[in-house]
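Hi there,

Here is the structure I promised to pass on to you. Have a look at it first, and then read my notes below.

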Amino acid sequence: MQQTEFERVHDFGNLYAGFLKARRGKRGKASVAKFEANLLEALCLLSEMLKNKTYRPSEYFVFRVYEPKERIVMTNAFKDKVVQHSLCDNVLEPAFSCTFIRDNYASQAGRGTHDGLYRLEAFMRSYYFERKAREEQRCREEGLPRPDPRAAHYADGWVLKCDISKYFYSIPHEPLKAMVRRFIRDPDVLWLVDMIIDSTDDPGIPIGNQTSQWFAVMYLSGLDHFIKEKLGIRYYGRYMDDFYLIHEDKAYLQYCRREIEKYVAGLGLKLNNKTNIFPLRNGIDFLGFRTYMTDTGKIVRKVRRNSKCNEQRKLKKQRGLLDKGKITLAAIEQSYGSWRSHAAKGNCHHLIRETDRLFKKLFKESVKQWQKV
């Protein structure tokens, strides 16, 4: 007999899979070790509490993070992470993701930041060669010589870059619940979803929740369809609340901005003051890189300047922490390797080589050999 959606959430095997996901990278924590020491009993108890509807989320632990910008993060107890992984993997993800457009990049398997960057590169290249083909066709029809790409300005255009103001903290609960009900009908699942949404003040959903990631991706999914289908924007991509539109007509993008402002206002949101229209030649700041297009159609991707400065400042701070015994060399190497892998996705050979030199100067005791870029 086929399981209902709620049965899939409290199924022992699915809760165990949720435990394995929630445990990743956290096995050294006391709460995880305690849960794992009594794993069978803990999972059976969670399953029974869900079935009997006696389950309640624990109080949140609140702290601040400062990278890439200052945010208040609310993290839940480990048992709540297990439940939310089971809920997301077995109900929310299948229900929500089938309605997403291709260029919604956050939280989905096979998508992510690098996929978003490669899609942006493909969009910019397509924009350039579409304009080039159109101009060359016009010249052929009029019997004119093929224009020089540098003089034809195929790279000219405009970008509307948008960001939602305080997105996670601004999502109102009741509209979010109503939107969830378009995808999920099981009243028992809705009981659990409503309880998680209402576990914090209205408006706002906690950044640290697994469910919040899926709610945030889904909440603007209608905007994706509005921009692609109603406004007819071909070159569009979104990662969570950060999105861009590329078009050759600035006046049309100004119209799009007004329409988008009306749409998000209907969701209880508003665009922040960083939202603006820029020349395409200035590049697009998206997913940690600034992506440019040259007059010949070449795409160049550079790490943001503040990322470079922050990493160099971080390495110097870590040197001090290492001397005081507050951090291990292995943790520093892992952290730097992560940033280095990120930077390697762009045209950043000289930057990486310069930062490698700084790393070797600060951490002479490190035997880590970074591969050449």
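**What I found**

Let's start with Arg-146, which counts as exposed because its relative accessibility is 64%, over the 50% cut-off. Arg-146 sits in the loop between H6 and helix H7 (149-152). From Arg-146 to Glu-135 is 11 residues in sequence, and their C-alpha atoms are 8.5 Å apart in space. Please keep in mind that this is a predicted model.

**The whole chain**

Stepping back, the protein chain has 16 helices and 9 strands. Its C-alpha trace spans about 80 × 55 × 40 Å along the principal axes. Of the 373 residues in the chain, 46% are buried. If you take the contacts with a separation of 6 or more, 69% of them are between residues 24 or more positions apart.

**Aromatic rings**

There are 20 aromatic pairs in the structure. In one of them, Tyr-127 and Tyr-235 have ring centres 6.0 Å apart and planes at 80°, so this pair is edge-to-face. The two partners come from distant parts of the chain, 108 residues apart: Tyr-127 belongs to helix H6 (residues 113-141) and Tyr-235 to strand S4 (residues 235-239). Are these two tyrosines buried or exposed? Tyr-127 is buried, because its relative accessible area is 3%, and Tyr-235 is buried too, at 5%; the cut-off for buried is under 20%. Elsewhere, ring pairs join Tyr-16, Phe-19, Phe-35 and Phe-78 into a cluster.

**Helices H2 and H5**

Two members of that cluster, Phe-19 and Phe-78, turn up again where H2 meets H5. Helix H5 (residues 78-97) has a kink of about 45°, centred on Cys-88. H5 is mostly covered, with 15 of its 20 residues buried. The axis of helix H2 (residues 12-23) comes within 8 Å of the axis of H5, and the two cross at roughly 115°. This crossing is right-handed.

Which residues of H2 and H5 meet? On the H2 side they include Asn-14, Leu-15, Gly-18 and Phe-19. On the H5 side, Phe-78, Lys-81, Val-82 and Asp-89 are among them. The residues of this contact divide into 6 nonpolar, 5 polar and 4 charged.

Best wishes

Terms used: Residues numbered from 1 in each chain as written. Predicted model: local features only at pLDDT ≥ 70, side-chain atom pairs only at ≥ 80, totals over all residues. Heavy atoms only, no water. Phe/Tyr/Trp six-rings, centres within 6.5 Å; stacked < 30°, edge-to-face > 60°. Helix = DSSP H or I, 4+ residues; strand = E, 2+ residues; numbered from the N terminus. Buried < 20%, exposed > 50% of the residue type's maximum accessible area, 1.4 Å probe, protein only. Bend = angle between axes of the 7 residues up to and from the residue. Axes fitted to C-alpha atoms, helices over the stretch in contact; angles between N-to-C directions. Left-handed = near helix turned anticlockwise from the far one by under 90°. Contact = heavy atoms within 4.5 Å. Nonpolar A, V, L, I, M, F, W, Y, C, P; charged D, E, K, R; others polar.
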